[in-house]
Amino acid sequence: MSAYDLIVIGAGPGGYVAAIRAAQLGMKVACVEGRGSLGGTCLNVGCIPSKALLTSSGKYAELSHLSAHGISAGEVSLDLGALMARKDKIVGDLTKGIAFLFKKNGVDHIEGWASIPAPGQVQVGEDSYTAKNILIATGSEPATLPGVEIDEVDVLSSTGALALEAAPEHLVVIGAGVIGLELGQVWSRLGSKVTVVEYLDRILPGIDGEIAKLSQRALSKRGLKFQLGRALKTIEKGENGLTLTLDRVGKDKEEQIQTDKVLVAIGRRPVTKGLGLEKLGVTVTARGFIEVGGDFQTSVPGIYAIGDCVPGPMLAHKAEEDGIACVEMLAGEAGHVDYNLVPGVVYTDPEVASVGATEEALKEAGTEYICGNFTFMANSRARASGETDGAVKVLADPAGKLLGAHICGAHAGDLIAELVLAMAKGATVAEVAAACHAHPSMAEAVKEACLDAMGRAIHA
């Protein structure tokens, strides 16, 4: 029986980062992973492979628009096998990189699926280990719909949609959230007709409504079709493909769609099965999330949890921040995560990025605010690069302190970092606007949006 200061269960972004940081803090650490490769969902079948496919498909799609630049690309062919091989190599290289980091920092990698038979004990196959503390970082998996069987052949989760051997003639995506839109755009670029079906009357639930409308408009221009306010009832398989029956929400009316493949992308759910939490007495919510306190400790002393399996944004970078804060507190240091400052990014074209409060949330709370907007159509760099869709939107209190920031546009995921830092430091729109921004740059739109909040926009 091996003894550790900390055993981390799960080697996704939250787990492996927590393990490395704990080792840096002088703890004897092991990380248990049963997948067969490190990196969790994000690295293996999530963030990284999807971004690789978005990049490759984006380059392919861009070739059809080069005539505006005076460039003729001639006949272009697509080797989907090579495109997928590139994606797989990126994933493989990065998983090997985590193994190297474990060795470098002295973290023991234990292969297999873990359970917790008692506080301070971890069982992996026939082997038992003891630990002063146990950290659950088991992540999440795709959520499913009642009565819908995901076979990863015709009815796909995000995992199956990352590994198709050919572009379907027609792909229906159920869910207009981050995963559905990103993978929908990948296959739209690679030749599929893509229809996005969403229960709500808008895309990107939780994103500022004005920014979501800009995103939908831009994605529609790029070929995605949207069927909003519709609920999936059934999927029937036939000789000619799949027949989807949809309910028009609130209208007592049914519709049918014929398609080749269906991607179910309605969100994710925590993975905790097999850990033995119920027997241990660990409190779990009705939705399956592990309840934790401010120090990430569960209802059982010595057992902690972070990332997607606890309440909060289900984002890789949030899991990393959880993991670092948790082990730093275990080491007696101050650790803290401000969940209002966790940015979210949708890596479609154009990208969507958001941090802090939306305008709808401020209105609902009765909070006084000022708002600034600046469209990329008026941004010199955007005009030069032909990336004019979208805008920057900032929200602040009447004194100018930033409350939220939302961007739809090229490089939004990078541009949001300035506004996250500004909010973290309590900066005002005046202070952001006073900082010199390079010209010509997309970042000038951030400056102009802050100026607009004060009624002083120069280029609006």
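The second largest pocket holds about 1,100 Å³ of space. A pocket here is an open set of points on a 1 Å grid over the protein atoms alone, with protein on both sides within 12 Å along at least five of seven lines, and a lining residue has an atom within 4 Å of a point. Grid points are joined across faces, edges and corners, and the volume is the space filled by probe spheres set on the points. The model is predicted: local features need pLDDT of at least 70, side-chain atom pairs count only at pLDDT 80 or more, and totals for chains, interfaces and linings use all residues. Residues are numbered from 1 along each chain as its sequence is written, and side-chain values use heavy atoms, with hydrogens and water left out.

The lining of this second largest pocket has 29 residues, and G58, E62, R189, D349 and E387 lie nearest its centre. Helix 3 (47-62) and helix 6 (178-189) each supply at least two lining residues; the largest share, seven residues, comes from helix 3. Helices (H or I, at least four residues) and strands (E, at least two) are DSSP runs, numbered from the N terminus. By class, the lining has seven nonpolar, 12 polar and 10 charged residues. In this scheme Ala, Val, Leu, Ile, Met, Phe, Trp, Tyr, Cys and Pro are nonpolar, Asp, Glu, Lys and Arg are charged, and the others, Gly among them, are polar.

D349 also takes part in a cis peptide bond to P350, with omega near 0 degrees. P350 sits in the loop between strand 18 and strand 19 (351-356). Another cis bond joins H439 and P440, with omega about -5 degrees, and P440 is in the loop between helix 13 (429-434) and helix 14 (444-453). E152, which is not a glycine, has a positive phi of about 60 degrees; E152 lies in the loop between strand 7 (140-142) and strand 8 (155-156). Most residues other than glycine have a negative phi, and most peptide bonds are trans.

The count of cavities of 30 Å³ or more is one, where a cavity is a set of points where a 1.4 Å probe fits but cannot get out. The largest cavity has a volume of about 40 Å³. Its lining consists of P142, S157, S158, I179, V264, A265, I266, G267 and R268, which divide into five nonpolar, three polar and one charged.

For the whole protein, the secondary structure comes to 14 helices and 22 strands. The radius of gyration is 23 Å, close to the 23 Å that the globule rule gives for 460 residues, so the protein is as compact as a globular protein of that length. That radius is taken over C-alpha atoms, and the rule is 2.2 Å times the number of residues to the power 0.38. The C-alpha atoms fill a box of roughly 65 × 65 × 50 Å along the principal axes.

The structure holds 20 salt bridges, each a side-chain nitrogen of Lys or Arg within 4 Å of a carboxyl oxygen of Asp or Glu. One of them pairs the side chains of R21 and E333 (3.8 Å, N to O). R21 lies in helix 1 (residues 13-24) and E333 in the loop between helix 9 (316-330) and strand 18 (344-346), so the pair ties together parts 312 residues apart in sequence.
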